[in-house]
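Trainee: I am new to this structure and would like to learn how to read its features one at a time. Could we look at it together?

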2 protein chains.
Amino acid sequence: MEILKGAEVSARMKEQVLDAMKQYEGDPPMLAIVRVGEKPDDLSYERGAMKKMESFGFRARSYAFPEGIPDAEFRNAFQAINADPGVAGILVLLPLPKQIDSSAVAAMIDPKKDLDGISPVNMAKVFAGDASGYAPCTAEAVVEVLKAYEIPISGRRAVIVGRSLVVGKPLSMLLLKENATVTVCHTRTVDLPAVCRQAEILVAAAGKARLLDGSYVGDGAVVIDVGIHVDADGKLCGDVDFESVRERASMATPVPGGVGTVTTAVLAKHLARAAGVLTE
Amino acid sequence: MEILKGAEVSARMKEQVLDAMKQYEGDPPMLAIVRVGEKPDDLSYERGAMKKMESFGFRARSYAFPEGIPDAEFRNAFQAINADPGVAGILVLLPLPKQIDSSAVAAMIDPKKDLDGISPVNMAKVFAGDASGYAPCTAEAVVEVLKAYEIPISGRRAVIVGRSLVVGKPLSMLLLKENATVTVCHTRTVDLPAVCRQAEILVAAAGKARLLDGSYVGDGAVVIDVGIHVDADGKLCGDVDFESVRERASMATPVPGGVGTVTTAVLAKHLARAAGVLTE
């Protein structure tokens with residue numbers, strides 16, 4: 001089984017962006033990371049994203065707000081970031097605390113700065129197959145991995161486990177656009193292993209540690225693992241039981257070192273597009 | 001094989017709306033049908049829709065424009081209809097002629113009056129599984145047929161042939177919301193008959209006359225035909241070769257007399273919601 005390394009995919013994307021930056025005049029594009037509270041997951045994602053932006057030659061700034069900030073106060077501050085011409089792109093770390101009206105924030109965000117595709121405008125574009133918008137970075141990262149490793153998608157049977165608005169659903173639209181025959185599974189799917197075994201491309205985005213073992217994998221399938229969890233021993237793992245799928249899969253992404261690395265590279269690529277460094 | 005009759009589904013929906021109308025005070029809600037040109041298909045759909053609105057106790061008015069109307073002129077006229085408080089809902093007959101910027105019209109239409117779900121706001125809601133928006137009427141009609149005949153959807157394998165923005169894609173989201181395991185097929189699907197045979201609920205929305213014959217149907221499957229075509233003999237037919245699936249399917253919708261009838265009933269139900277006659 002070949003291991004699909006996120007770092008290699010990310011490195012290629014970086015090359016492409018650095019190349020384009022040579023033609024670009026003006027200050028490096030700035031990413032605003034909007035965070036409410038101090039959740040360890042958010043802090044760790046923020047650190048990773050900031051590092052990645054720097055490595056792509058971009059700037060990033062964290063806009064952190066206290067966990068208990070009132071809705072109106074947050075929205076005022078957010079509107080200022082949103083309107084700031086010095087900010088080329090925005091990443092809002094989700095979920096926001098309950099007192100904040102997340103759907104109002106999603107409706108407010110300038111679709112042209114909405115790098116993680118939370119605005120209804122970008123959602124509708126992803127749904128319509130219109131590439132001028134921004135898809136959620138994680139969903140797009142899956143496609144980037146497949147393309148970087150030149151794995152054919154057109155005409156292939158893709159099965160996605162998970163129907164979230166950040167991965168499963170947008171990914172189903174992105175893979176349809178690439179002409180895959182796409183099946184979306186979820187907690188109510190009957191005989192999930194049998195459905196998964198029909199996949200030539202199997203994407204695990206269920207949010208459940210090591211849910212998919214070898215019995216879910218058809219002979220020679222490509223397995224992409226979107227999950228990230230800390231197991232009982234404090235070890236990072238994905239939605240896929242990696243060791244168990246080795247015998248069946250032809251290729252698989254590891255966790256860590258797989259899709260996660262590519263997600264922040266997609267964020268950087270979106271920032272490059274938002275700033276006009278890249279045109280597609 | 002049981003025949004799933006659109007008229008019965010539509011009659012039930014009408015009862016529900018007439019019931020709600022008893023509590024409703026004020027003028028009957030008004031539907032504006034916006035048509036550019038005189039295409040026979042548009043004229044026939046318009047006649048059917050107007051009749052249906054009347055039978056539901058509603059009003060409908062046709063706003064017809066010449067085929068060659070300039071974009072700016074059309075958009076001005078459209079904005080007036082859009083802003084008219086006497087118009088509760090709008091149906092734009094698509095496609096519009098090429099000189100008119102359809103996506104600008106879709107972005108302009110008041111999402112609360114957009115009964116056929118062409119606005120990005122409604123698309124994003126369908127995508128997100130938010131029932132407060134309007135799904136395209138034909139996609140929703142498929143779900144209405146299944147529900148009226150008490151066909152279980154949750155946990156069932158649904159296969160949709162066709163990935164259009166008016167049927168295939170939104171229907172995939174509606175069926176996911178009902179907890180089906182959903183597969184979307186299209187022209188690039190390899191071995192389409194084999195994929196279709198896995199369906200417990202098979203929806204033909206391919207736009208190709210009699211594409212699906214008995215070899216596409218698994219034993220006992222429910223077949224829903226969204227297509228409508230005039231064949232070489234001048235006879236109406238669907239995407240399904242109806243006679244050929246009789247032996248395999250447990251239930252199927254005919255053409256005519258199936259989904260089409262329900263589509264205008266969904267339009268009426270949406271008008272009832274837009275006017276506040278129905279709350280869900």
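This is a predicted model: local features need pLDDT of at least 70, side-chain atom pairs count only at pLDDT 80 or more; totals for chains, interfaces and linings use all residues.

Trainee: How many of the residues of α10(B) are buried?

Mentor: The count is 16 of its 16 residues, so that α10(B) is mostly covered, given that a residue counts as buried if 20 or more other C-beta atoms lie within 10 Å of its own. After the helix comes B:G276, whose phi is positive, near 85°.

Trainee: Which residues of α1(B) are buried, and which are exposed?

Mentor: The general idea is that an α-helix has 3.6 residues a turn, so residues three or four places apart point the same way. In this case the helix is α1 of chain B, residues 6-21, and its buried residues are B:G6, B:V9, B:S10, B:M13 and B:V17. These cover an arc of only 95° around the axis, which puts them on the same side of α1(B). On the other side of α1(B), the residues B:A7, B:E15 and B:D19 are exposed.

Trainee: What covers the buried residues of α1(B)?

Mentor: The cover includes two helices of chain B, namely α6 (137-148) and α10 (259-274).

Trainee: Turning to strands, which way do the residues of β7 in chain A point?

Mentor: In strand β7(A), residues 201-204, A:I201 and A:V203 point one way while A:L202 and A:A204 point the other way, and all are buried. Strand β5 of chain A (residues 157-161) pairs with β7(A) in the parallel sense over four bridges, and A:V161 stands opposite A:A204. β7(A) is also joined by four bridges to strand β8 (residues 222-225) of chain A, and these two run parallel; here the bridge partner of A:L202 is A:V223 in β8(A).

Trainee: Through which surface do the copies meet?

Mentor: They meet through the same surface, because 100% of the interface residues of chain A are also interface residues in chain B.

Conventions:
Residues are numbered from 1 along each chain as its sequence is written. Chains are lettered from A and ligands numbered from 1 in the order in which they are written. The expected span of a helix is 1.5 Å times one less than its number of residues. A residue is buried if 20 or more other C-beta atoms lie within 10 Å of its own, exposed if 12 or fewer, and partly exposed in between; C-beta atoms are placed from the backbone. The arc is that of the directions from the helix axis to the C-beta atoms. Two residues are in contact if their C-beta atoms, placed from the backbone, lie within 7 Å. Two strands pair if DSSP finds at least two bridges between them.
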